[in-house]
Amino acid sequence: MSKFFSELSFTTRIVAVNVVGFVLAAAIIVAVILSIVSSSLAEQAILSQEGNVKVLNQMLQTKGKGGAQQIDGKLAWGDFVIDGNHEIPDSLKQALGIAVSVFDGKVRASTNVVNAEGKRVVGSKFPEGVIDQTVFGEGKAYNGESQVAGSTYLVRYEPVKDSAGKIIGSIATAMPKAKFFAMLDTITYSAIGVALAVCTLSCLVLFLVTKSQLGVIKHLTRSMERVTGHDYTVQIAGTERSDEIGIMAKALDGFRQSLIRADEMEKRQEAKLAEREQRRAKMDQATQSFAQAIERVVDKVSTASMGLSHSAEGL
């Protein structure tokens, strides 16, 4: 892996590292946002049932023109007996898309919730445990989750009290948890899509900017190779910049100028050496010519002297 990474160009490595960083950052941000949104939506979905329960209670009171009471052992609001009557739960399901149940005591007397066979779950018992304790034991509303007909619902249960304050039943509104998660999935896909789009755009901009910036460095590299090859005609790009690349370009141009001056100095020194060698050669030639001339004179004098000597001996 490291070998493969090292074989990539500098631009590609920088972009790759930043792309990985962008993706990780986006994934973390999306995960955090979805966690917050999920928690908030779940809370809002449950709390929204409070308003739905109020609508249900208001509709029951309006329908029966009175409060909750028992009529012949059946739960009623005013003169409207709810046991076995599903008119109001069905109208709320049609209008708001919510599940509605009315309990006579702890038995479901009216509802729009159906089981797998499509039958209303009338006659089912009130949930036991915390919900029962909260609603019938403490006389308080319960917000949370509950199992109904094999499905999980986000619900609100409220106690139903008669005029004397006695708890005679309960009303509940709910939303299927699966529906909530379907909403969350829609948000999730949208968030992921936006994150991918932002990452893609950011990576593209990063690639173009990095390529543009590192293009100058590539030019500087080629210029340095030419300078070290004693090609001083190259023009150094980027010297007008005020950033780090500009500093590098100015340093390279200064190095080029120094090499030019060094080469010129070397050429002058070589010219002086050549001139000195030429002068020395001329002096050597003059000395040699002078020596040869002297040698010829000496030879002539020696010959003349020998001639005089022979003449003298003849006399």
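## Salt bridges and the cavity

Asp90 has a relative accessibility of 30% and so counts as partly exposed (buried is under 20% relative accessible area, exposed over 50%, partly exposed in between, with a 1.4 Å probe and protein chains only). The model is predicted: local features need pLDDT of at least 70, side-chain atom pairs count only at pLDDT 80 or more, and totals for chains, interfaces and linings use all residues. Residues are numbered from 1 along each chain as its sequence is written, and side-chain values use heavy atoms, with hydrogens and water left out.

Asp90 forms a salt bridge with Arg120; the term stands for a side-chain nitrogen of Lys or Arg within 4 Å of a carboxyl oxygen of Asp or Glu. This pair links distant parts of the chain, 30 residues apart: Asp90 lies in helix H3 (residues 87-96), and Arg120 in the loop between strand E5 (107-111) and helix H4 (130-137). Helices (H or I, at least four residues) and strands (E, at least two) are DSSP runs, numbered from the N terminus. Arg120 is partly exposed, at a relative accessible area of 33%.

The whole structure holds eight salt bridges, among them those tabulated here.

| Salt bridge | Closest N and O atoms |
|---|---|
| Asp90 and Arg120 | 2.8 Å |
| Glu277 and Arg280 | 3.5 Å |

Arg156 is buried, with 9% relative accessible area. Glu277 and Arg280 both belong to helix H6 (residues 244-314), where three residues, about one turn of the helix, separate them. Both ends of that pair are partly exposed: Glu277 at 45% and Arg280 at 43%.

A cavity is a set of points, on a 1 Å grid over the protein atoms alone, where a 1.4 Å probe fits but cannot get out; lining residues have an atom within 4 Å of a point. The largest cavity contains about 80 Å³ of space, the volume being the space filled by probe spheres set on the points, which are joined across faces, edges and corners.

Strand E4 (99-104), strand E7 (151-161) and strand E8 (167-176) each give two or more residues to the lining of the largest cavity. The lining includes Ala99, Val100, Ser101, Arg108, Tyr153 and Thr173. By class it has nine nonpolar, two polar and one charged residues, where Ala, Val, Leu, Ile, Met, Phe, Trp, Tyr, Cys and Pro count as nonpolar, Asp, Glu, Lys and Arg as charged, and the others, Gly among them, as polar.

How values were computed
On a 1 Å grid over the protein atoms alone, a cavity is a set of points where a 1.4 Å probe fits but cannot get out, and a pocket is an open set with protein on both sides within 12 Å along at least five of seven lines; lining residues have an atom within 4 Å of a point.
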